[in-house]
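Here is a short walk through a structure, taken one part at a time. Keep the view open as you read.

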Amino acid sequence: MSRIFLIRNEAIAIASICILSGFFALTIGASWFNNIPSLLRDVSWLGIVVIGQALVIMSGEFDLSVGSVYAFVSMVFVLLLNEAIPPGLSLLLSLGLAAAIGYLTGLLTWRLKLPSLLVTLGFLFFYRGMVEWVTDGFPVTIDDEIRSSVFITLLGGKTLGLHNSIMICALLVAVFTVMLSKFRFGNHLYAVGGDTDVALATGVPAGAIKTWVFVICSGLAGFAGIITAASLSSVSTTTATAMELESIAAVVIGGCLLLGGSGTVWGALLGVVTLLLLKHGLIILGVNIFAYQVCLGVVLVGLVALKGVVSELELYR
Amino acid sequence: MSFWRTALARPETSVVIGTILVVLFFTISTGGAWLSTLPSVFRVTAQVGLIAIGQAFLMSSGEIDLSVGSTFAVAGLVAIWAMDILTLGVAPAFLVALAASSLIGLVMGVFTVYFKVPSMIVTLGALFVLRGIAYISTQGFSLSIPREFRKDPLVLLAKAKTFDLNNTFIVLLVATVILAIVLSRTRFGSHVLAVGGDASAALANGISPAATKIKAFMVCSAFAGLSGILVLFQEGSVYSTSGIKLELEAIAAAVIGGCTLRGGSGSIWGPVLGVFVLSSLKGGLMMLGAPTSWYIGLVGALLIGFLIVSQVISASTQPTA
């Protein structure tokens with residue numbers, strides 16, 4: 001039993017979720033349970049982004065630009081809607097833009113062999129700057145008459161009191177989990193992340209895989225932004241400013257190796273749950289919200305350090 | 001041809017060309033008026049530059065520090081705390097804050113080296129923790145130097161100018177020279193480069209990668225702290241948001257200045273030019289009447305442009321095997 005606990009990388013996230021939800025349920029009580037729907041909503045928004053970030057990290061790269069892409073694509077979506085372009089077409093166009101953004105990142109990282117950390121750092125600035133430039137620093141809002149259209153309510157509305165984004169996120173996690181474990185794409189992804197040279201030598205199209213992963217990551221970040229915009233009806237210049245850090249933290253807590261080649265999508269989602277449980281719980285308890293940042297940092301470093309120590313102990317057994 | 005070969009192979013080549021282009025562009029397009037803003041450009045350069053040289057030093061050892069912006073704020077807060085609560089003088093408070101920043105570097109280094117946590121994650125965690133501390137201790141507002149210390153000679157010295165140049169800029173120049181000599185001419189510098197190039201080869205040659213990296217972390221955090229303290233002396237207060245995003249600017253400047261994430265090679269004066277290019281753009285664009293919102297996008301475009309150019313240059317100077 002303890003061996004399984006040590007072997008599965010997701011164990012840390014699962015244990016943290018049990019402890020945190022037990023603790024908050026006991027200390028806060030009813031209002032914590034009432035908060036669960038909005039907790040799930042936030043989990044689904046960040047979760048969709050984190051799926052992409054997890055794939056990128058598994059392939060041995062980083063994407064620091066997710067927060068800026070999220071804001072930029074959702075801004076484009078809102079502006080397209082306000083130009084009276086049908087919601088379906090706006091969605092397709094903005095998703096296409098997100099995919100193109102990812103393709104460009106993939107191209108620069110793979111073709112020119114530039115480190116993805118720096119390329120995406122550049123794009124973090126670039127797309128955030130585009131948002132500020134286009135909006136002049138003011139929020140953009142979906143026009144009233146468009147808000148009630150079928151597409152917008154489908155993306156941003158609720159069914160049985162739960163946001164539709166929760167279903168969408170669950171579906172995406174399922175799709176990518178199956179894709180990673182049962183399909184060739186997943187196999188290739190782990191191979192490329194584990195050792196790119198070996199993967200290339202055995203005929204895995206490493207360049208195509210890495211480019212695809214960036215396309216998926218930016219696409220999902222943009223999609224999450226669109227869903228958020230559909231739900232909140234507005235995008236501001238500071239939307240999702242610390243998302244790159246939060247998403248990487250979630251992926252790491254969820255058990256992905258930062259060096260690539262290992263990890264699961266559902267583990268990363270559990271990482272998101274851990275982070276947001278902590279955040280919402282602290283907010284309801286009335287703890288200074290900035291204490292969340294301190295906790296986040298300590299949890300992040302602590303968990304990874306713990307993992308390092310545990311694997312050392314395994315070696316000495 | 002061999003001169004050009006050598007010049008092109010230097011990591012700083014693209015930033016030197018970039019600096020010349022920026023200076024020419026702004027001087028010509030504003031009809032020389034831009035040159036009179038140079039002192040304020042230097043003032044901004046000093047603030048970010050001190051952080052960038054520390055970052056460049058650490059990157060030479062193959063690690064990265066995302067927490068410098070938060071260390072910058074916390075160092076200022078520690079200095080205020082030492083003056084206000086411990087009722088120390090300005091000079092001891094300065095030293096206490098500098099020691100506190102080095103301690104931050106020490107802790108991060110220990111986590112990176114002994115607990116095998118990648119430096120990206122450790123320093124990302126430290127970014128959150130230290131920023132949270134800054135928010136909590138300022139209650140989300142700001143803290144200022146206690147009134148009785150505001151006329152202290154050391155504080156006035158940091159505010160003063162020599163020959164129309166901010167003293168902080170002179171500090172940056174001196175620090176750049178010292179750190180450049182340390183990196184290229186001393187044993188410690190050679191160890192840093194050796195560890196950054198190949199840690200296991202360094203270990204095989206009797207250099208301790210652990211000790212070297214921890215020291216490099218301490219240097220980086222100490223410089224971030226130094227910048228924070230000097231800016232505190234200049235401006236009189238630390239805000240809860242002081243230094244936010246500075247880590248990104250410092251890393252961008254270091255990369256523009258010729259540092260790589262791979263470690264093993266590095267430049268100290270290149271990043272200073274990188275900061276100069278970035279801060280000239282900030283002021284120059286405003287003078288040309290461009291909206292300030294262009295700046296952040298341009299930093300991104302520049303960073304990627306420099307990456308591509310230096311990659312192309314290094315590919316063309318490499319002997320084709």
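**A pair of helices to begin with**

In chain B, helix 4 (residues 68-84) packs with helix 6 (residues 119-138) at an angle of about 35 degrees, and their axes are 8 Å apart. This is a predicted model. The crossing of helix 4 of chain B and helix 6 of chain B is left-handed. From helix 4 of chain B come Ser70(B), Thr71(B), Ala73(B), Val74(B) and Leu77(B). They meet residues of helix 6 of chain B, among them Ala126(B), Leu130(B), Arg131(B) and Ser137(B). By class, the residues of the contact between helix 4 and helix 6 of chain B are eight nonpolar, three polar and one charged.

Stay with chain B and turn to helix 9 (residues 187-197). Which of the residues in helix 9 of chain B are buried? They are His191(B), Val192(B), Leu193(B), Ala194(B), Val195(B) and Gly196(B). These buried residues pack against helix 3 (38-60), helix 8 (167-185), helix 10 (199-204) and helix 11 of chain B.

Next comes Ile20(B). It lies in helix 2 (residues 13-29) of chain B. Ile20(B) has 11 C-beta neighbours inside 10 Å, so it counts as exposed. Along the chain, Ile20(B) and Val277(B) are 257 residues apart.

How confident is the predictor in chain B? The mean pLDDT of chain B is 84. Of its residues, 95% reach 70 or more. Confidence in chain B is highest in helix 11 (residues 209-235), at a mean of 91. It is lowest in helix 1 (residues 2-9) of chain B, at a mean of 66. Where pLDDT is low, the predicted coordinates should not be read in detail.

**Over to chain A**

Chain A has helix pairs to look at as well. Helix 5 (residues 66-82) of chain A packs with helix 7 of chain A at an angle of about 30 degrees, with the axes 8 Å apart. Helix 5 and helix 7 of chain A are therefore roughly parallel to each other. Their crossing is left-handed. Helix 5 of chain A makes the contact with Ser68(A), Val69(A), Ala71(A), Phe72(A) and Met75(A). The residues from helix 7 of chain A include Phe123(A), Tyr127(A), Arg128(A) and Thr135(A). The contact of helix 5 with helix 7 of chain A divides into ten nonpolar, two polar and one charged residues.

Another pair in chain A is helix 6 (residues 87-111) and helix 13 (residues 206-232). They pack at an angle of about 145 degrees, with their axes 7 Å apart. Helix 6 of chain A passes helix 13 of chain A in a right-handed crossing. The contact of helix 6 with helix 13 of chain A has 15 nonpolar, ten polar and one charged residues.

Now pick out single residues. Val56(A) is found in helix 4 (residues 36-58) of chain A. Is Val56(A) buried or exposed? Val56(A) has 32 other C-beta atoms within 10 Å, so it is buried. Beyond its neighbours within four places in sequence, Val56(A) is in contact with Glu61(A), Phe62(A), Asp63(A), Val213(A), Phe214(A) and Cys217(A). Take Val213(A) from that list: Val56(A) and Val213(A) are 157 residues apart in sequence, and 5.8 Å apart in space, C-alpha to C-alpha.

Two loop residues come next. Ala84(A) lies in the loop between helix 5 and helix 6 of chain A. It is not a glycine, although its phi is positive, about 65 degrees. Ala84(A) counts as exposed, because it has 10 C-beta neighbours inside 10 Å. Ser233(A) is found in the loop between helix 13 and strand 4 (234-235) of chain A. Ser233(A) is not a glycine either, and has a positive phi of about 65 degrees. With 19 other C-beta atoms within 10 Å, Ser233(A) is partly exposed.

**Where the chains meet**

How many residues of chain A are in contact with chain B? There are 40, and they touch 36 residues of chain B. The elements that give two or more residues to this side of chain A are helix 7 (116-135), helix 14 (243-253) and helix 16 (289-316) of chain A. Helix 7 of chain A gives the largest share, 14 residues. By class, the side of chain A that touches chain B has 29 nonpolar, seven polar and four charged residues. For the complex, the predictor gives an ipTM of 0.77 and a pTM of 0.83.

Key. Residues are numbered from 1 along each chain as its sequence is written. Chains are lettered from A and ligands numbered from 1 in the order in which they are written. This is a predicted model: local features need pLDDT of at least 70, side-chain atom pairs count only at pLDDT 80 or more; totals for chains, interfaces and linings use all residues. Two residues are in contact if their C-beta atoms, placed from the backbone, lie within 7 Å. Helices (H or I, at least four residues) and strands (E, at least two) are DSSP runs, numbered from the N terminus. Ala, Val, Leu, Ile, Met, Phe, Trp, Tyr, Cys and Pro count as nonpolar, Asp, Glu, Lys and Arg as charged, and the others, Gly among them, as polar. Axes are lines fitted to C-alpha atoms, for helices over the stretch in contact, and angles run from 0 to 180 degrees between N-to-C directions. Angles under 35 degrees count as roughly parallel, over 145 as roughly antiparallel, 65 to 115 as roughly perpendicular and the rest as oblique. A crossing is left-handed if the near helix is turned anticlockwise from the far one by less than a right angle, and right-handed if clockwise. pLDDT is the predictor's confidence in each residue, from 0 to 100. A residue is buried if 20 or more other C-beta atoms lie within 10 Å of its own, exposed if 12 or fewer, and partly exposed in between; C-beta atoms are placed from the backbone.
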